[in-house]
Amino acid sequence: MAANSYWEKVYQGPWKGIVNHLPENMISSQESPFLNNVILKNGEIRSNPRQSLGIKGPVNDNSNIALINSFLDANNVVHTVIITQLGLWQLNPNWPKYPDKAWNLVAPFSVQPGSVTPSAYQTFLNTFYWTNGGPNLFSWDGITSVGSVTTVKRSTFYIQGAEVTASVGGVVYRFVANNFGKTATVAPVFNATLASQTVDGGVTFINNGKPIVQDGFKNVAVVDATNGYTAGAFFLGELGFRLIMLNTVESTGSYPQRVRWTPSGYPSIWDPNVNIGAGFSDEIDVPDGITGFLTIGRVGFIFRVNGITELTQTGNGLNPFDFNHLWASDRGIGNIYSYTIAGYGPIGIFISNDEIYQLSLGGFERIGATSRDLVLNDLARATSTPVATIYPYYQKNYVYTTYMLTIPFGDSSIVWRYSIEDRHWTRSIKPKGIYTGRANFVQIA
Amino acid sequence: MAGARNSLDGGGGGGGSGAPGTPTKPSGKVPGGSPGLLTSTGGLFGLGGQLLIPYRDLITNRFYIALINPSDFNSEEESTYFFPQEDVQPGRVVNVHKLEIEYRNLGVCSFSCGVIVYVPNKNPQQPGVYKTKSVNFKIGSDKADNLLYTVFANLVISGMRPQAFIHREANAGPMSVTRVMMVGNADEKDLM
């Protein structure tokens, strides 16, 4: 280059996000050695979308909000719900007018305060199920009130899966409605035998054992109906029309290697003695516990610390799943941060010891790439539980499929976003604030 | 667990048996249950979706459901973007005398654009220092026409490995930079 020679350098998109795989004078012009709070969609460096405080939490319940979700009930009515340490709340449609009364308490947890563990949830048969690391799986259908199971009533409609109690010779038993229908005007004699059926007008009830002690929500998962033992879990999913709990916490102890499932289409029955379609499996042939669950297509992926187990459907009602360890080594690719797994349709993302992976029908793909060390470094410094989600769009006219990973760090949050479209990472810092649950696209009107 | 339940008066809060903190129900319309046999407890029409996230605000020490609004890029936090350091000629001092910034008009926005250079020490065995020069801009207009505009920053700074950056303070308006060009002259003089 000649003395005093003119030079120019142009920087333009598509941008490749923040990187640290090379020194900052050796990276490409589309990469950045440092950025904060920008979104790189469509070749622009934009300041991030504005975050406002939005909707106040319940005014009389200033406790941790573990999740937010919307579900559609059997009447085609949408319910937007949150789980706090107090219990389950649903969004009042008049919240813009009454911001201090935005939430109505559906029911409290029977043991206060409830867990702050990010809740696993699943909508199944128009019912919202959730569990948060305690020995209970809870549910709400948006129609019936929650609370203790009540005595079966005459000439009353019950939906499939509804639970009632009935007395047989002075002994109270718990029954599950096998179908939607109306009970008879005159009570039948209920069958006291476990798993037996009783026809009551238009409803067939199945004996589900002894009533369990409860007062807050429905305890859905009675895994031992004879003794009234319940189960909850850290992870929840659905495959083959069966509700699945993983890494269970039961009345008899914790089972980090256990997978439980319901019969096809009966999410209220978990005891194989009540319906042989229910069951469980302990993955004791691998050395580590379950740290997450994803389904892609007809296959489930059970994540462990150092491995992944494929869960495929056999089509056999009595033995519905085949467990295939992709690898069962002491050290291997698994998921090490339980709540950083996120799925969206045919895509799943999880974080292993060595890399961040995207899982799809095409297999595994490394996506940490040139930003991996930065992300893993922030995760290693987390002061509380990191959580992640994938959202397809910010709103319907602003589509940008993104994996959002929030990492609590002291009194701030570090937010990593991976653009699945543009395949790059950006980083933001949110001072004086902690994200306590997964972001979710929910209905607010 | 019986059939028909709470009236549809603004979000039921069914069951719960007098739990602490149950708010008074405001009046208002909510969707009705379609079958008419079992009515829903409260609920929404499902007409408006938003990206929401559970959030604890440590300034007020209260819990919120934070709202991310993609129609407003006036972020409440500062935004920064650093471009790579440029080895125009490795080991040589160069100067930068102009920056060209191309942006999209999303509304009024204030930000700064500048250059950082490494200035070597006169004693070659001692480390040098980093120096910065930047120019403040107030761009855009109240009418966000979404068109591309170009502004220039005249600055003079000399050193090694010039590195351009843009920085916007919190709540300083919506920024959208599409291209930055750094212009200067290179020196042939050998530092050593």
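Analyst: A nonpolar core, as the term is used here, is a set of buried Ala, Val, Leu, Ile, Met, Phe, Trp, Tyr and Cys residues joined through C-beta atoms within 7 Å; a residue is buried if 20 or more other C-beta atoms lie within 10 Å of its own, exposed if 12 or fewer, and partly exposed in between, with the C-beta atoms placed from the backbone. The model is predicted, so local features need pLDDT of at least 70 and side-chain atom pairs count only at pLDDT 80 or more, whereas totals for chains, interfaces and linings use all residues. Residues are numbered from 1 along each chain as its sequence is written, while chains are lettered from A and ligands numbered from 1 in the order in which they are written.

The largest nonpolar core has 147 residues, and those with the most contacts inside it are A:Ile82, A:Tyr129, A:Phe175, A:Ala233, A:Leu246, A:Ile302 and B:Ile65. Two residues are in contact if their C-beta atoms, again placed from the backbone, lie within 7 Å. Leaving aside neighbours within four places in sequence, B:Ile65 has contacts in chain A that include A:Gly54, A:Ile55, A:Ile68 and A:Ile82, and contacts in chain B with B:Leu52, B:Pro54 and B:Tyr55.

Turning to the boundary as a whole, 97 residues of chain B are in contact with 107 residues of chain A. The elements that give two or more residues to the chain B side are strand E1 (49–57), strand E2 (62–69), strand E3 (79–85), strand E4 (94–104), strand E7 (148–168) and strand E8 (176–186) of chain B, and the largest share, 11 residues, comes from E8(B). Strands (E, at least two residues) and helices (H or I, at least four) are DSSP runs, numbered from the N terminus. By class, the side of chain B that touches chain A has 45 nonpolar, 35 polar and 17 charged residues; Ala, Val, Leu, Ile, Met, Phe, Trp, Tyr, Cys and Pro count as nonpolar, Asp, Glu, Lys and Arg as charged, and the others, Gly among them, as polar.

E8(B) also takes part in strand pairing, where two strands pair if DSSP finds at least two bridges between them. Strand E1 (residues 5–12) of chain A is joined to E8(B) by 8 bridges and runs antiparallel to it, with B:Met181 in E8(B) as the bridge partner of A:Val10. Strand E4 (residues 45–47) of chain A is likewise antiparallel to E8(B), through 2 bridges, and here A:Ile45 stands opposite B:Val177.

Among contacts in chain B between residues at least 6 apart in sequence, 71% join residues at least 24 apart. Chain A has 1 helix and 38 strands; its radius of gyration, taken over C-alpha atoms, is 25 Å, close to the 22 Å that the globule rule gives for 445 residues, so chain A is as compact as a globular protein of that length. That rule is 2.2 Å times the number of residues to the power 0.38. The C-alpha trace of chain A spans about 105 × 55 × 35 Å along its principal axes, and 53% of its residues count as buried.

Chain A also holds an open antiparallel sheet of 4 strands in the order E33-E34-E35-E36, whose edge strands, E33 (387–395) and E36 (424–430), each pair on one side only. Neighbouring strands of this sheet are turned by 25 degrees against each other on average, direction ignored; axes are lines fitted to C-alpha atoms, for helices over the stretch in contact, and angles run from 0 to 180 degrees between N-to-C directions. E33(A) pairs with strand E34 (residues 398–409) of chain A over 7 bridges in the antiparallel sense, and A:Thr406 is the bridge partner of A:Val387.
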